[in-house]
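Morning, everyone. Please have the sequence and the model open while I talk.

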Amino acid sequence: MTNTPNFTINTGDKVPVTTYKAARSVAAQVAAHFDRHHVSVSKYYEQELAPRPDAHTIETIIDTTFWASLRREEGRSPKVSIAYLPPEAAEHPLIFAEKLSLTANVLTKLAPAVERSGIHLGVWLEDGELRIWGTTRVIPGLCFVLEVIEPGMLVVKHRRVEGFGKFVNVAVLKGDQVKIVNEQSGKVRDCPSVINSMIGFNSTTLWNDAPNLLVQLSVSMRSHERGGILLVVPKGKENWRKSIIHPITYHVQPAFSELAILNKRYLEDPNPITWQNQFSSAISNLAGLTAVDGATIINDSYELLAFGAKIGRAAEGSPVEEMIVSEPVIGNSPQVIHPVQNGGTRHLSAAQFVYDQRDSIALVASQDGRFTIFSWSGCENKVLAFRVDTLLL
């Protein structure tokens, strides 16, 4: 986490100079991210990519949007998503007859019309001024997007080059705190593949030829805001039952395979347009089960085995005494702690499950929005706990 100096309040609509200092602190690094990945992808990608924003443009968009996020219109805080591109680069854009200046006042007034998920306000530079030209639902790969999550909390992200799924997060700004996603985090020894899918910076996940089901399940789990645990166990193995208290209240027999069947069909015909709605519905249904007290259990083929299951220590097992906690952001250093220092009952039981069942992983959502992935490190001989809520916003 990067701490920046305190910001000062700008009460005007236009922002002649940056007054939100975190915007200036992060702009150059974000611009470098887009430069680097445009160069990397353009070597192999024949379709048109979104234009690259420079640091000044990024700083200005973040600054203006931050102050807008702190305002209220008819008692509601604005939630907007801004995409930096000209109208001709968007697909089926809604274009305003008169382009609007990018100001906090204009964003606040427009917010109710674009607060639904998937709608972006298009912003482009015209005569030296950033102006809002309209809205769009479809943007090209590597398009700079700034989304307001809540008052004072912004996320810089971009769409993957192809396919579908969650956008790739680049940075999260909350007040004077800045978290920049560490692109190298997925290269840590024993890092579960789902971390790479969430970070989205390697050659496979940036192109996103797969639907990244665990990532989408994680996002959906987090969104219901009730907290929950999703255990992923190896298909065909029954050893996980030793770490579950019996009887299981909501045992599924035979295994429910809707998501597994959709995934198999997608691999045979990988057309995002064909499968996206079906995946979304199946993922929402499965993630909803994690709101029930206890753990939801699936195998690594995405078949549902049980939900509402109570985790217990295996009879022959011993209590987990320590684990490694890490967050995939620049400046974070892994720490070895006792599991009780990491959270409440959910986190402790998930750590114990992975400690006993070392070929499984556990995904844990907290009611406060935190999200942690637990896996076993054969190299460190410890449970690894990856805090990934920054990647799911």
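A word on the source. This is a predicted model, where local features need pLDDT of at least 70, side-chain atom pairs count only at pLDDT 80 or more, and totals for chains, interfaces and linings use all residues. Residues are numbered from 1 along each chain as its sequence is written, and side-chain values use heavy atoms, with hydrogens and water left out.

First, the overall picture. The protein chain has 10 helices and 18 strands. Those are DSSP runs numbered from the N terminus: helices are H or I with at least four residues, strands are E with at least two. The chain has 393 residues, and 54% of them are buried. Buried means under 20% relative accessible area, exposed means over 50%, and partly exposed is in between, with a 1.4 Å probe and protein chains only. Now contacts, meaning heavy atoms within 4.5 Å. Take those between residues at least 6 apart in sequence: 65% join residues at least 24 apart.

Next, helix H1 against helix H2. H2 covers residues 55–69, and the two pack at an angle of about 135° with axes 8 Å apart. Axes are lines fitted to C-alpha atoms, for helices over the stretch in contact, and angles run from 0 to 180 degrees between N-to-C directions. H1 and H2 are therefore oblique to each other. The cut-offs: under 35 degrees is roughly parallel, over 145 roughly antiparallel, 65 to 115 roughly perpendicular, and the rest oblique. Who makes the contact? From H1 it is Ala 23, Arg 24, Val 26, Ala 27, Ala 28, Val 30 and Ala 31; from H2 it is Ala 55, Ile 58, Glu 59, Ile 62 and Asp 63. By class, that contact has nine nonpolar, no polar and three charged residues. Here Ala, Val, Leu, Ile, Met, Phe, Trp, Tyr, Cys and Pro count as nonpolar, Asp, Glu, Lys and Arg as charged, and the others, Gly among them, as polar.

H2 also meets helix H3, residues 104–114. Their axes come within 8 Å and cross at roughly 55°. That makes H2 oblique to H3. Thr 64, Thr 65, Trp 67 and Ala 68 of H2 touch Ala 104, Leu 107 and Thr 108 of H3. This contact has four nonpolar, three polar and no charged residues.

Stay with H3. Its buried residues are Ala 104, Val 106, Leu 107, Thr 108, Leu 110, Ala 111 and Val 114. Their cover includes H2 and strands S2 (81–84), S3 (94–101), S4 (120–126) and S5 (129–136).

Now the histidines. His 38 sits in H1, residues 21–42. Is His 38 buried or exposed? It is buried, with a relative accessible area of 7%. Leaving out residues up to four places away in sequence, His 38 touches Leu 49, Ala 50, Pro 51, Arg 52 and Leu 142. A polar atom of the His 38 side chain lies 2.9 Å from the backbone oxygen of Phe 34. For the backbone oxygen of Ala 50, the distance to a polar atom of that side chain is 2.7 Å.

Last, His 347, in helix H9, residues 345–356. His 347 is buried too, at 3% relative accessible area. Again not counting residues up to four places away, His 347 touches Asn 342, Val 364, Ser 366, Arg 370, Thr 372 and Phe 374.

Key
Polar contact = N/O pair within 3.5 Å; in protein donor to acceptor, adjacent residues only side chain to side chain.
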